[in-house]
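Hi everyone, thanks for having me. Please take a look at the model on the screen, and then we will walk through it together.

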Amino acid sequence: MVYDLIVVGGGAAGFFTAIQTAEQAEQLGLEPLNILILEKTAQVLGKVKISGGGRCNVTHACFDPKLLVKNYPRGEKTLMGAFYEFQPQDMIEWLDSHNVEIKTEADGRMFPVSDDSQTIIRALMNAAKFHHIEVQVKHGVDWVEALEQGQQDDARFQLFTAREETLRTKNLMLATGGTRLAAGAKLAEQLGYELIEAVPSLFTFNISDRRIHDLPGLSVDNVTVKVLNQKLEATGPLLITHWGMSGPAILKLSAWGARALAEVDYQFSIEIDWLPARTQEQIRQEFKRQHSAHGKRFISKRSVFSELPRRLWEQLVQAAGIDDDNTWAQLSKAQLQELIKQLKQGHFNANGKSINKDEFVTCGGVQLKDINPKTCESKHHQGLYFSGEVLDIDGITGGFNFQNAWTGAHLAAKSITQS
Ligand SMILES: Cc1cc2nc3c(=O)[nH]c(=O)nc-3n(C[C@H](O)[C@H](O)[C@H](O)COP(=O)(O)OP(=O)(O)OC[C@H]3O[C@@H](n4cnc5c(N)ncnc54)[C@H](O)[C@@H]3O)c2cc1C
C-alpha cells in the first residue's frame, strides 16, 4: 500500500498537518486520503501537554502579519506570506469550530478558557479520529529514502521504521521537532539537507549577585536590559529567580541573542535600566525633592519610585554605598551619582543559562532556503514537507512557536491536497 501522506512526528506541527490535509481534502470533495502519523515515543502531543505550564499558550493575539513576524528572531521573512495565508485568527476560528473557546491574557498570550492543555489535545485527537487518520505511537522512523520517480508505483518516499517495517508514501511531512538532539535532525540529513547548527533559544540568565540574592520571586513590570558588547536590547517585565533573571525581557534577549550568546558560552554582562520611563535628570530632581521635603528620612527605607519594589530599592541603595541609616540630608554628591548609576545602568555578569520552564525551543534546523515559503515543500524533493521546530524558525515566548507550527502545517496541507 502507498500512503497519500505519512507524517513523521506526532507533535503540534505533525498532527495539524495530518488533520488539515484530511479536512481540506474533504472540502475539495476528494476521496478520503490515507494518512498515517508515526510517533516514536509512547505519547503524541507531549509538548502540547506540558506547554504554557500545562495551560498551552496556543497562539498570540496579534493579527497583523507585518507585526506578527517581528516576534520571530529567525524566520521573519519566510513567515510574512505564510501569515497572510494562515494566522492566529484562523487558528482561533479552527479551534472554535472544534469546540475550543480561547481567551486572551493582558500581554496578548492566548489560552483555552479551560486553562488546560488537555482541551487542545482533545480537539486535535478528535479531529484526527473523525477523519480516520492512523496514529501509531512507539513507532519511530529510522531511515528515509527518496525513490526515483516511477521506480515503484507512485510512491515518492520509502521509510524504514523501528518495528522493521517498510512504508511507502506519496507525500512525506518531517515534523520531528527541534534538531538539538540528533534524533530530530537525522531524517532530514539522510535526505541530504544540511542543517543550521541548533542552539537553545528562550532561556534564563544565571546571575549570582548580592543585589538580587535575597529577592527570588520579585518582579519589576518594565525594565530595559542591554547585553554589553552586543547589539541586543529588550524592554519588558523582569523576574528575579533563585538562579538569576527571567521574565519576558530576559527571554526576548535569549531568543534574539541565541547564537551570539552561545558563541560566548553564555558568559556576558548586561546593563539594566530599572526605570526606563524616567531620565537621569528627572531622577536627580526627585532626589533633590526628597532632600528638601524629607531630609530626615532614611533613604533605604522607602522606594521613591512607585514602579520599583522596596526590597530591590534597598539593595540598589546599598550597592551605591549608602548605609541603612543614611538620611536624604546626608546624601553626598558621589553617592547620588552612584545611586543614579545603579538605577539606570546597573551592570550584572551572567554566567551560564537555565532552561525556561514554561517554554523552551531550539533555533537552527532545516535551512529556509531549501523550502518554498508558500508551501513548506522542499525545493529539492517533490512531496517532501517540513513544519514546526525542525525548520530554522523560532519565535519569542508568547504562543508564537505553536503558531509557526499551525501555519506551516496549514500551508503544507494545502499544497498536498491541491497536488
Ligand atoms: C516546556 C515547554 C513549554 C512550551 N510552551 C509553549 C507554549 O506555551 N506556546 C508555544 O507557542 N510554544 C511552546 N513551546 C514550544 C513548542 O512546544 C514547540 O515549538 C512545538 O511543540 C514544536 O512543535 P513540533 O511539532 O515542531 O515539534 P514537537 O512538538 O517536538 O514534536 C516532534 C515529535 O516528533 C517525534 N519524533 C522525532 N523524531 C522522530 C522519528 N524519527 N520518528 C518518529 N517520531 C519522531 C518526537 O518524539 C516528537 O513527539 C514549549 C516548549 C516546551 C519544551
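Let me start with a question: in β14, which residue is the bridge partner of Leu 239? The partner is Ser 246. Before going on, some housekeeping: this is a predicted model, where local features need pLDDT of at least 70, side-chain atom pairs count only at pLDDT 80 or more, and totals for chains, interfaces and linings use all residues. Residues are numbered from 1 along each chain as its sequence is written, and side-chain values use heavy atoms, with hydrogens and water left out.

Let's stay with those strands. Strands (E, at least two residues) and helices (H or I, at least four) are DSSP runs, numbered from the N terminus. Two strands pair if DSSP finds at least two bridges between them. β13 pairs with strand β14, residues 244-246, in the antiparallel sense over two bridges, and a hairpin of three residues joins β13 to β14. On another side of the story, strand β12, residues 219-227, runs antiparallel to β13 and is joined to β13 by seven bridges. One of the residue pairs there is Val 225 with Ala 234 of β13. The hairpin of β12 and β13 has four residues between the strands, and in this hairpin Asn 229 takes a positive phi near 65 degrees.

Now to a sheet elsewhere in the chain. Three strands form an open sheet, in the order β3-β5-β4, with antiparallel pairing. β3 (59-60) and β4 (102-104) are at the edges with a single partner strand each, so one side of each has no neighbour in the sheet. Strand β5, residues 109-112, pairs with β3 over two bridges, in the antiparallel sense. If you want to find that spot, look for His 60, whose bridge partner in β5 is Arg 109.

Next, the ligand. How many residues are around the ligand, and which come nearest? There are 33, and Ala 13, Glu 39, Asp 358, Glu 389 and Phe 402 come nearest; a residue counts as near if one of its heavy atoms lies within 4 Å. A polar side-chain atom of Glu 39 is 2.6 Å from an oxygen atom of the ligand.

Which elements give two or more residues to the shell around the ligand? They are α1 (12-27), α2 (46-54), α7 (182-190) and α13. α2 gives the most, with four residues. By class, the shell has 13 nonpolar, 13 polar and seven charged residues. For these classes, Ala, Val, Leu, Ile, Met, Phe, Trp, Tyr, Cys and Pro count as nonpolar, Asp, Glu, Lys and Arg as charged, and the others, Gly among them, as polar.

On a 1 Å grid over the protein atoms alone, a cavity is a set of points where a 1.4 Å probe fits but cannot get out, while a pocket is an open set with protein on both sides within 12 Å along at least five of seven lines; lining residues have an atom within 4 Å of a point. Grid points are joined across faces, edges and corners, and a volume is the space filled by probe spheres set on the points.

The second largest pocket holds about 710 Å³ of space. Its lining has 31 residues, with Gly 247, Pro 248, Leu 251, Asn 356 and Asp 358 nearest the centre. Among the elements that each supply at least two lining residues are α2, β5 and β13.

Finally, the structure holds two cavities of 30 Å³ or more. The largest has about 50 Å³ of space, and α13 gives the largest share of its lining, four residues. That lining has eight nonpolar, four polar and no charged residues. The second largest cavity, about 30 Å³ in volume, is lined by Arg 210, Arg 211, Gln 315, Gln 318 and Ala 319.

How values were computed
Polar contact = N/O pair within 3.5 Å; in protein donor to acceptor, adjacent residues only side chain to side chain.
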